[in-house]
Amino acid sequence: MSIDLSQFHQVFYEESYEGLDAMEQGLLDMDLVEPDAEVINTIFRAAHSMKGGAGTFGFTDVAEFTHVLETLLDQVRDGQRAMSQDIQNLLLASVDCIRGLLQGLQAGEASDLTEASELKKQFEAILNDDAPAASGGGPETPKETDDNSDNGDGWHIRFIPEITLLQSGNEPVRMFRQLADLCDNQMRVTCDASRIPAFTSMDPEMCYLIWDIQIEKAIDKADIEEVFEWVTDDAEIIITPLSEKSEEQPAKVTQPEIETAPQAEKPPEPVVQAPKQEATKAAPKQTKTQESSSIRVSIDKVDSLINMVGELVITQSMLGQLGQNFDITRVQRLQEGLAQLEHNTRELQESVMKIRMMPISFVFSRFPRLVRDVSISLNKKINLEISGENTELDKTVMEKIGDPMVHLIRNSIDHGIELPEDRIAAGKPETGTVNLNAYHQSGNIVIEIKDDGAGLNTDRILQKAIEKGLVVEGANLSQEQIFDLIFQPGFSTADVVSDLSGRGVGMDVVRRNIAALNGSIEVTSEKGRGSRFIIRLPLTLAILDGQLVQVGKEIYIFPLVSIVESIQLDDLSINNVGGHSDVLQLRDEYVPIIHLDDVFSIDNEKRPIEESIVVVVETDGEKIGVVVDELLGQQQVVIKSLEENYKRVDGISGATILGDGTVALIVDISSLSKMSGASSKVLDGTHQAA
Amino acid sequence: MSEVSEVEAPVSEDGVLTEQYLTFIMANEEYGVDILAVQEIRGWESATPVPNSPSYIRGVINLRGTIVPIMDLRQRFGLPEAEYGNETVVVVLKVFTSSGSRTMGIIVDAVSDVYDVPIGDARNKGLSDNQNSNFIKGLVTVNKHMVILLELENLLTIED
Amino acid sequence: MAKILAVDDSASMRQMVSFTLKGAGHDVVEASDGNEALKIAQGQAVDLVLSDVNMPNMNGIELCRNLRQLPSYKFTPILMLTTESAGDKKMEGKSAGATGWIVKPFNPDQLLTTIKKVLG
């Protein structure tokens with residue numbers, strides 16, 4: 001029977017990646033001086049499992065490489081070898097290497113073993129540096145047998161089991177049956193009952209019998225030994241060729257020790273002589289963000305979903321019955337039924353959305369490694385503190401937020417946290433701290449990246465912006481506006497483009513990526529104390545919290561996350577600038593105004609502006625005010641594509657279907673502001689209101 | 001007759017390969033579209049207008065959860081707008097283009113009939129080369145009157 | 001046709017073993033560590049136990065030891081799945097009461113052949 005093992009490959013890959021993550025996590029968390037035994041065990045088991053699986057499924061390169069790891073880890077586990085930073089580095093590099101090998105195998109590419117060979121050499125160097133310990137066990141050493149070649153006419157076997165034999169679950173009859181198969185039943189078995197004690201002292205669970213087995217076929221001795229291989233230590237097995245022996249009295253030959261290789265000598269107290277490792281590559285190998293198309297869901301979520309569907313079915317059937325014999329007296333029941341339906345639907349919706357939710361720890365777990373590697377390569381001391389890792393968010397959102405976060409954290413380390421000397425000089429602790437936090441807030445997930453570094457240097461930023469022509473010389477910008485400049489394309493204050501960041505392509509891409517997820521990012525900073533980036537993301541991509549507004553006869557939807565505030569215009573004044581742009585004075589700022597009916601060419605009666613509402617929205621760090629007729633309710637809307645059958649429309653990000661079945665369009669704030677040409681840049685040169 | 005046999009092409013009684021067309025009336029002329037492209041026919045209900053779209057696009061509607069644009073065929077042909085009445089109907093068409101498939105509805109005055117038209121019968125052009133000729137595949141005579149066969153891919157492609 | 005308890009913390013190994021044995025007409029119950037396996041064994045009678053050695057919560061050796069304490073499992077064949085080819089691990093297994101071992105990596109055919117040895 002041949003079973004296609006490839007059906008198990010996907011599971012093997014997934015569990016191996018998890019194992020590698022566990023190894024990495026364990027290695028990073030490990031206290032090198034007094035490592036936690038459980039952590040070491042976890043790391044060992046991960047390597048061990050991978051080796052076993054790789055071997056079973058035919059991935060020999062991975063199996064061989066993992067074997068060396070396992071050997072070393074075994075020594076650490078047994079206390080024969082101490083951990084060291086060099087070993088830690090080597091193991092971390094191996095984790096990357098194995099990941100790469102697995103990804104290659106998964107993609108069906110030929111394996112590139114250069115890195116594996118290189119690392120293997122380093123392992124072997126460490127392993128061989130100590131006393132000639134067993135080379136970590138190669139294939140099972142062939143059993144020692146004395147005369148293998150002379151099969152003669154058969155064999156005589158005297159099988160003297162220890163009386164406890166049965167307690168290991170072994171059963172002599174089975175073994176005899178196997179022998180019979182081997183020699184086509186050409187055998188005779190006689191039982192020697194001489195060992196049986198007196199009835200009263202007999203323990204029925206013991207095996208007192210001894211057997212003499214005569215095999216009258218020339219089979220291989222090795223095959224016989226294999227039959228008894230499990231019990232060689234629990235029995236005396238004397239195998240002699242038939243031709244030599246008389247039937248009755250086998251001369252007792254020294255029992256072949258069917259033991260395996262000589263016991264590994266315990267290596268003496270290890271002194272890690274590992275040659276000074278070359279500084280391993282600065283950045284860890286870039287693991288492709290695995291966007292897998294499957295998701296692991298906890299059984300509880302599935303059960304709760306099933307329950308909810310059950311309730312929905314009940315409600316539906318109730319309404320169905322009601323509908324069959326309906327008359328006006330039953331209106332109340334109908335209303336109750338509909339209320340129930342709404343309740344069921346809402347619960348079901350929430351439940352289903354929860355399925356796509358996973359804890360943000362999946363993304364956060366990349367960072368300890370990242371921080372470690374980057375801080376080492378920059379000679380900075382950084383402590384990464386993570387909190388809120390159980391906060392859940394949509395799987396797709398999570399996959400897409402990883403790269404922007406990597407950039408932000410690298411940024412914090414590169415530009416934020418100062419070199420140890422500088423920190424001490426500034427009276428700060430030598431080790432900088434980067435805080436990563438996540439929590440839910442009003443239907444969104446908020447991710448904070450905070451550092452206690454030098455903060456944003458507003459003077460440098462302003463100067464660079466002027467140099468790049470982003471800002472007019474002499475313009476008077478608020479601190480917030482200056483901070484916001486770092487998100488402009490092409491911006492970077494790094495004088496020397498370091499490998500990591502400072503290439504100036506980062507921050508605007510970060511903001512764009514976050515905006516593509518319907519989220520937002522802002523930064524606050526205090527010179528000398530540190531900076532804080534706050535990312536807000538909706539909990540799911542397909543659903544939006546929207547503010548419905550009325551403009552003329554149409555209803556439009558504004559993403560709630562972009563709305564700063566909505567104002568009735570009776571008291572506030574609108575001024576006109578330059579003859580065509582309207583501007584609203586909002587406390588200490590001037591906010592450009594646009595009329596949605598103009599921008600969208602909506603048929604609308606002219607109404608006095610005092611009767612309209614201005615919705616102040618924020619995009620790309622700028623505020624604009626959008627004039628609408630009325631505010632309607634707020635609700636969650638499902639985002640439907642307009643482009644699918646039509647095309648991209650400026651100012652519109654999508655559509656949704658309202659409760660009455662009609663279509664309402666969702667406003668794309670960023671595009672709207674570009675369309676209307678409204679920009680606070682128009683205001684450069686104007687003084688801020690006092 | 002063409003020897004090429006297409007497996008699915010319907011055959012009229014005299015063994016001629018034909019195509020089926022759904023015809024409708026617009027501005028007193030009869031037009032036809034390949035019936036395989038017709039997804040459904042709906043009565044006209046209002047559509048949500050889309051900002052800054054060409055005048056022949058009335059807006060978008062909800063077609064069982066998908067957003068589908070609706071085109072006023074009169075305006076597409078440059079004809080003056082007309083009032084929509086009880087017979088006004090939306091023919092929902094699905095066409096396959098180089099970039100995938102697209103579903104769109106066209107507003108017509110009334111639906112007429114379904115005809116089998118022998119392939120190759122459509123007399124092409126002879127029409128002046130104006131903007132509308134791109135939308136017309138050809139002319140065909142059915143029961144002594146003229147049916148204008150529409151070229152859907154061009155008709156339903158919205159120029160930027 | 002026997003009831004076999006397959007214990008391994010690696011899902012891919014469990015799947016492979018399960019699939020192979022089921023294909024040969026056996027009934028297979030899976031567990032991902034010794035604790036789970038022990039609970040299962042106490043709840044139903046099993047004809048053979050196949051267990052990995054290295055597992056979290058309760059490893060194979062301990063599982064074996066614990067199973068042997070149960071009256072109904074005194075003589076049940078228990079086979080260890082192990083890559084440990086060094087002698088001392090096998091010793092440990094035996095002293096815990098294991099019937100025998102299967103060395104990883106193994107292919108489905110090897111698994112079935114070995115199973116035959118203990119199931120007859």
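How many residues does the contact take from chain B and from chain A? The contact takes 18 residues from chain B and 21 residues from chain A, two residues being in contact if their C-beta atoms, placed from the backbone, lie within 7 Å. The model is predicted: local features need pLDDT of at least 70 and side-chain atom pairs count only at pLDDT 80 or more, whereas totals for chains, interfaces and linings use all residues. Residues are numbered from 1 along each chain as its sequence is written, and chains are lettered from A and ligands numbered from 1 in the order in which they are written.

On the side of chain B that touches chain A, at least two residues each come from β4 (57–63), β5 (66–72) and β7 (100–108) of chain B. Helices (H or I, at least four residues) and strands (E, at least two) are DSSP runs, numbered from the N terminus. β5(B) gives the largest share of this side, four residues. By class, this side of chain B has 10 nonpolar, seven polar and one charged residues; Ala, Val, Leu, Ile, Met, Phe, Trp, Tyr, Cys and Pro count as nonpolar, Asp, Glu, Lys and Arg as charged, and the others, Gly among them, as polar.

Chain B as a whole contains two helices and 10 strands, in the order β-β-β-β-β-α-β-β-β-β-β-α along the sequence. Of its 160 residues, 29% are buried, that is, have 20 or more other C-beta atoms within 10 Å of their own, with C-beta atoms placed from the backbone.

The contact between chains C and A takes 35 residues from chain C and 33 residues from chain A. On the side of chain C that touches chain A, α1 (11–23), α4 (87–96), β5 (100–103) and α5 (108–119) of chain C each supply at least two residues. The largest share, eight residues, is that of α1(C). This side of chain C divides into 15 nonpolar, 14 polar and six charged residues.

In helix α3 (residues 60–69) of chain C, the buried residues are C:Gly60, C:Ile61, C:Leu63, C:Cys64 and C:Leu67. They lie on the same side of α3(C) because they cover an arc of only 160 degrees around the axis, the arc being that of the directions from the helix axis to the C-beta atoms.

In chain A, five of the six residues of strand β21 (residues 652–657) are buried. β21(A) pairs with strand β22 (residues 663–667) of chain A in the antiparallel sense over five bridges, where pairing requires at least two DSSP bridges between two strands. A:Ile652 has A:Val667 in β22(A) as its bridge partner. The two strands, β21(A) and β22(A), form a hairpin with five residues between them, and A:Gly661 in the turn has a positive phi of about 90 degrees.

Note on methods. Buried ≥ 20, exposed ≤ 12 C-beta atoms within 10 Å, placed from the backbone.
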